[in-house]
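Subject: Structure for you to look at

Hello,

Here is the structure I said I would pass on. Please open it alongside this email and follow the notes below.

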Amino acid sequence: MSADRVFRLFMGAYVVMFLVYLFLPLLFMAGASVNDSRFPTLLPWNGFTLKWFGDLFNDPMLWQGLGKSLSVGAGVIALSVPLGLAAALLLTELRGKARGLLYGVLVSPILTPGVIIGISTLVFWRQMSVSGGMFLTVLAQSSFIASYCMLMFMARLQRFDRTLEEAALDLGASHLHVVRRIMLPYLMPTILSAVLIAFLQSFENYNTTLFVYGTDRTLPIYLASKVRIGLTPAVNALGVIFIALTIVAAVVYEWRRRAALAVKPGKRAERPEPRTADLRPAAEPA
Amino acid sequence: MKGVLSSVRRRYGGVATSLILVSCGLWALGLVVLPQLMMIDYSFRPSLPPAKQGGPEDIYTLANYAALYGNPLNLAIFLKTIWSSALVTATALVVCYPVAFFLARMAVGRTAGLLFIALVIPYWINEILRTFSWLLILARNGFVNTVLLDLGLTQEPIIFLGTTPAILVGMVYAYVLFMVFPIYNSLESLDPHQIEAARDLGAPWWRIHWRIAIPHAKPGIAVGCIMTFMLAAGTYAIPAILGGPKSRWFTEVIYSQFFEALNWNRGAAYAFILLIMCLGFIALMMRLFRVNLAEVTR
């Protein structure tokens with residue numbers, strides 16, 4: 001066996017081990033959710049049950065949390081997608097120092113720990129006598145989720161063929177017309193991705209939300225409180241549902257991304273989106 | 001500046017231009033700059049009852065910062081948070097580099113696609129749940145202890161929870177993928193001919209990595225390290241779930257200043273210290289790997 005082949009085998013084995021490491025804890029958790037035991041554990045195995053899922057569906061706090069999370073998510077989408085788009089449109093026109101400064105300010109939330117974003121939002125709005133709640137949660141989350149949207153739009157706009165727009169304007173189209181017939185169709189795939197990413201980031205966010213939720217407990221806040229105090233396998237059941245939804249979203253998203261790639265064969269070098277930005281769930285995930 | 005505005009206007013028209021400018025202004029000032037400035041302002045003021053705010057005692061002071069220095073316990077937690085976050089970052093880097101390299105340069109076709117999805121799925125799963133899964137593994141009657149007891153390797157269950165190592169294990173698990181994807185992204189653009197040329201010229205595999213792949217992956221390594229460190233230093237969820245009173249994290253100290261001691265000014269000072277530390281780490285990485293902000297946020 002050549003040294004190269006040994007190296008390949010070794011690397012393959014390493015990656016398989018890595019995958020086991022990634023998935024085994026999650027499988028334990030899923031297994032514990034259907035174990036007929038008072039505590040969330042896989043061993044000893046007491047038999048299969050679905051009663052923890054039943055418990056979960058009868059938990060009014062859970063449904064409230066879900067409601068709050070969905071509302072906050074909708075608010076974050078409504079705020080951060082337009083903000084991200086506006087900033088991307090402005091930044092593609094700016095040059096020099098002004099561009100560097102604005103870009104620096106608008107991406108800085110991505111590089112700021114989530115708790116700090118929550119704290120600064122809380123402190124700032126207290127001056128205006130606004131205390132924690134859904135409103136502040138939407139604002140705090142949007143301040144960094146909009147940055148991700150902006151990066152996605154900037155990547156897309158970089159490859160925009162401006163002659164189309166120029167031609168339309170020269171031929172007498174109104175600005176509204178250009179936006180509706182050229183810009184929006186071109187940006188639509190990115191808008192949909194941005195909506196999905198914004199929602200997922202918001203739905204999973206914990207560290208930023210922790211400081212600004214007031215009494216409006218989102219699902220991650222409720223989940224964390226369950227994990228810390230009320231340990232029953234119902235928490236695992238909730239986890240399994242969360243994971244199932246995540247898998248669906250991840251597969252749909254990847255499939256969309258790959259479909260977008262497949263349309264333009266031979267343009268492998270041109271990735272449709274910057275992956276660092278759009279794959280990240282919660283930069284403070286959660 | 002005027003030239004820019006007219007070019008924006010020419011492109012999008014007057015109404016859209018005003019909308020764009022107003023949104024960017026509100027975002028930059030209302031959501032980013034002013035809240036940060038307000039937090040910093042808070043951190044330099046004493047904590048006073050509302051009646052005395054704005055009065056003669058409401059002066060700028062370094063007292064909130066001195067408080068951290070004067071509290072050996074909290075100072076130790078702060079230093080531990082930095083040191084442990086650096087350790088988590090280094091561990092994640094070592095664990096992830098081979099995976100990123102395999103994904104970017106060795107896997108092909110269907111394998112590469114499936115592997116990518118297999119990595120994306122846990123990446124999207126909530127931090128709390130990923131940590132919770134380790135709670136089940138490390139608990140007193142959890143998986144590890146059950147196995148150790150059954151094998152007779154230990155007579156008494158080992159207490160993992162509430163210790164700093166448990167937190168670090170949870171953090172590496174939760175953030176490992178934030179290291180994989182940036183490195184993967186930068187390795188993907190490495191020209192395979194470079195590696196082949198080096199191999200044909202007789203370079204051993206480790207030198208190929210040391211001289212070709214790793215230098216090429218520098219921006220990705222920098223991004224991965226920055227993200228991992230920032231997430232580790234700034235997390236509240238993981239130490240809250242896997243830790244205990246003896247393994248407090250600096251974010252927990254900040255939280256208790258806000259919601260238990262109700263001393264927002266001191267909490268703001270501690271938060272600012274955490275922010276400065278993270279910015280310092282970012283600056284260090286950008287210098288060390290010679291990358292700029294545009295490459296980092298690409």
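Residues are numbered from 1 along each chain as its sequence is written, and chains are lettered from A and ligands numbered from 1 in the order in which they are written.

Confidence

The model has an ipTM of 0.88 and a pTM of 0.87. The pLDDT is the predictor's confidence in each residue, from 0 to 100. Its average is 87 in chain B, where 97% of the residues score at least 70. In chain A the average is 83, and 90% of the residues score at least 70. Residues 265-286 of chain A have a pLDDT below 50, although this stretch has 60 contacts in the model beyond near neighbours in sequence. (Two residues are in contact if their C-beta atoms, placed from the backbone, lie within 7 Å.) Where pLDDT is low, the predicted coordinates should not be read in detail.

Chain A

Chain A has 12 helices and zero strands; helices (H or I, at least four residues) and strands (E, at least two) are DSSP runs, numbered from the N terminus. Of its 286 residues, 47% are buried, meaning that 20 or more other C-beta atoms lie within 10 Å of a residue's own; 12 or fewer makes it exposed, and in between it is partly exposed. Among contacts in chain A between residues at least 6 apart in sequence, 77% join residues at least 24 apart.

A helix pair

How do α6(A) and α8(A) pack? Helix α6 (residues 134-158) and helix α8 (residues 175-204) of chain A meet at about 155°, with axes 10 Å apart. They are therefore roughly antiparallel, a term for angles over 145 degrees. The residues in contact include Tyr148(A) and Phe153(A) from α6(A), and Leu187(A) and Ile197(A) from α8(A). By class, the residues of this contact are nine nonpolar, five polar and one charged.

One residue in chain B

Ala232(B) sits in helix α11 (residues 218-234) of chain B. Ala232(B) counts as buried because it has 28 C-beta neighbours inside 10 Å. Beyond neighbours within four places in sequence, its contacts are Ser85(B), Val88(B), Thr89(B), Met171(B) and Tyr175(B).

Regards

Definitions and conventions:
This is a predicted model: local features need pLDDT of at least 70, side-chain atom pairs count only at pLDDT 80 or more; totals for chains, interfaces and linings use all residues. Axes are lines fitted to C-alpha atoms, for helices over the stretch in contact, and angles run from 0 to 180 degrees between N-to-C directions. Angles under 35 degrees count as roughly parallel, over 145 as roughly antiparallel, 65 to 115 as roughly perpendicular and the rest as oblique. Ala, Val, Leu, Ile, Met, Phe, Trp, Tyr, Cys and Pro count as nonpolar, Asp, Glu, Lys and Arg as charged, and the others, Gly among them, as polar.
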